[in-house]
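Q: Can you go through the pockets and the aromatic contacts in this model with me?

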Amino acid sequence: MSYVRGTIGETTPLLRRNVASGFDFKQLLLRRIPILAWLPRYSLSKLLQDILAGLTVGLTAIPQGIAYAIVAGLPAQYGLYSSFMGCFVYLVFGSCKDITVGPTAIMALLSQHHVINLGNDIAVLLSFLSGCVVMLMGLFHLGFLLEFVSMPVISGFTNAAAIIIAASQLGTLLGLSGRSDSFIDAIVKVVNHVNDVTLWDPILGVCSMVVLICLKKLPGKKSGTAFEKFLWVTSLARNAIVVIFGIVLAYTLFRYDIKPFKITGNITEGLPPLAPPPFSTVKGNHTYYFDELVSELGSTIISVPLIAILESIAIAKAFAKGKTVDTNQEMLALGLCNVFGSFSRSMPTTGSFTRTAVNNASGVKTPMGGVITGCLVLLACGLLTSTFEYIPKATLAAVIIIAMYYMLELHIFTVLWRTKKIDLVPLTVTLLSCLAIGPEYGMIAGIAVNLILLLYFAARPGLLIEERVVDGLTILFVSPKQSLSYPAAEYLRERVMSWCDRRTETIPVVVEGRHVLRIDATVAKNLALLLADLEARDQKLVFWNWCEEARRTLISYDASLAMSFRTSGSIAQIFSDHDE
């Protein structure tokens with residue numbers, strides 16, 4: 001045991017540091033395990049509200065989960081396996097009360113290609129690896145990397161994903177068999193097999209779509225009369241209502257041996273097995289080991305976590321209502337949801353905008369609502385899978401297509417046209433690349449174009465260059481519209497000298513630096529060369545209104561530049577002082 005020696009006055013600071021250290025640890029614990037902060041204040045009224053919200057979200061999560069599993073090329077039960085573990089894990093580690101973690105259309109789309117190639121195990125392994133990547137990004141505070149993915153790129157990817165997923169369900173809606181590997185393949189498949197289109201599948205699918213749209217527009221209110229509340233609940237549970245109607249219709253017809261629709265078919269009963277994610281799998285007569293599986297996944301190991309984080313953080317900020325979102329904690333929670341989910345045969349998951357919106361509209365109070373949703377999904381796994389086999393495929397296709405319709409952000413084209421037209425370039429490149437070569441490569445292409453534009457504008461900053469008559473003196477006024485980076489230094493020098501070369505007479509040059517916050521040695525070198533070039537032409541150069549940091553850098557590079565700095569006085573006085 002160690003003792004603290006000295007007087008009372010000497011030991012007091014140490015005691016204070018210990019107290020502060022304990023306080024900091026408590027705050028860290030509350031921040032990293034948010035349930036510890038809100039659970040002691042939990043009440044019966046909040047529980048009742050959470051139960052209502054959880055049941056409502058569950059009625060949306062079950063049909064959506066089954067639908068997204070089919071989009072990913074997985075058996076329908078995988079949608080249920082993916083819809084409950086995230087709810088339980090997010091209860092402990094999640095910091096946003098509204099978010100519901102589970103399978104989404106984009107996660108299903110990014111998994112689809114690999115599932116087609118290597119089977120179901122690859123989706124479970126992808127969930128585990130994605131969770132590890134997201135969790136490590138949260139632990140090492142790497143959320144700033146998301147800032148390099150701009151809004152036009154995200155919108156282009158989202159729109160492309162919605163179009164690809166909707167196109168992939170077009171064949172199912174028309175009663176065609178088989179699956180498509182890409183947007184182009186889906187369209188070609190429909191065109192080539194248009195003669196095989198059935199009658200009743202399209203009718204059921206279109207009717208389901210119409211009903212979904214009508215139910216969404218019901219004028220219900222959560223706080224209205226009993227009838228308005230009924231309309232409100234009906235609107236929120238529209239997916240479940242349409243699917244249940246399809247089940248009842250198909251089951252009734254099939255009992256009388258009338259089979260006008262294609263149905264989902266057998267769904268494995270019972271709860272998923274709890275086991276570690278598969279680090280090897282067998283496909284055909286070949287066993288694929290971990291290194292081969294990672295090689296098959298390739299860039300998906302990066303793109304899936306990236307998109308999952310973007311989706312979940314965007315949703316958290318949208319429903320934060322002015323509160324600060326701890327992005328690192330959200331990444332940690334999302335990573336753990338995927339890691340634990342992989343032990344229950346889950347595909348990659350993230351925050352779902354649709355289910356989060358339902359959760360918020362239902363008045364959820366805490367993440368406890370997710371537990372109710374998870375329990376309802378588990379109940380469906382154990383008791384209702386035999387019923388789900390009668391879900392018409394056309395009905396599920398209608399649910400997916402309508403969800404994708406509402407995911408489209410076509411207004412973004414108008415917004416960018418009004419604000420900054422150049423942003424339409426990365427948006428269009430991302431959209432077309434995703435449709436033509438696939439969502440992963442499309443995202444990479446969009447980010448690459450965006451970074452090229454970013455570098456271009458850094459190398460070619462806006463420059464205000466104009467002749468001005470001030471106090472009877474004609475000058476060339478130069479003002480960078482943003483801070484100068486080293487690629488822009490040579491550009492500024494060339495523009496100024498080019499302007500001076502076009503004039504027969506020499507006039508003084510004033511370089512204003514109010515927007516230049518910091519510079520490096522390359523910028524200082526080019527400004528020193530500019531001074532030398534102008535002196536050779538017998539032209540004066542003044543650096544006016546520069547910040548102290550930039551001024552110190554310039555003078556440190558070339559002490560002779562100190563004579564050219566001015567911070568006050570009229571233009572005429574500045575050049576008078578300069579001559580002296």
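The chat below takes the pockets, then the aromatic rings.

Q: What kind of model is this, and what pLDDT is needed?
A: This is a predicted model: local features need pLDDT of at least 70 and side-chain atom pairs pLDDT 80 or more, while totals for chains, interfaces and linings use all residues. Residues are numbered from 1 along each chain as its sequence is written, and side-chain values use heavy atoms, with hydrogens and water left out.

Q: What volume does the largest pocket have?
A: About 1,200 Å³. A pocket here is an open set of points on a 1 Å grid over the protein atoms alone, where a 1.4 Å probe fits, with protein on both sides within 12 Å along at least five of seven lines. The volume is the space filled by probe spheres set on the points, which are joined across faces, edges and corners.

Q: On to rings. How many aromatic pairs are there?
A: The structure holds 13. Rings of Phe, Tyr and Trp (its six-membered ring) pair if their centres lie within 6.5 Å; planes under 30 degrees apart are stacked, over 60 edge-to-face, the rest tilted.

Q: What about F319 and F353?
A: That pair is tilted, because the planes are at 55 degrees, with the centres 5.7 Å apart. F319 is in the loop between helix 15 and helix 16, and F353 is in helix 17 (residues 353-361), 34 residues apart.

Q: Is F319 buried or exposed?
A: Buried, at 14% relative accessibility. F353 is partly exposed at 48%. Buried means under 20% relative accessible area, exposed over 50%, partly exposed in between (1.4 Å probe, protein chains only).

Q: Which charged end sits over the ring of F457?
A: That of K420, 5.1 Å from the ring centre. The cut-offs are NZ of Lys or CZ of Arg within 6 Å of the ring centre and within 35 degrees of the ring normal. Likewise, the charged end of R468 sits over the ring of F477, 3.8 Å from its centre.

Note on methods: 1 Å grid on protein atoms, 1.4 Å probe; cavity = no way out; pocket = protein on both sides within 12 Å on 5 of 7 lines; lining within 4 Å. Helix = DSSP H or I, 4+ residues; strand = E, 2+ residues; numbered from the N terminus.
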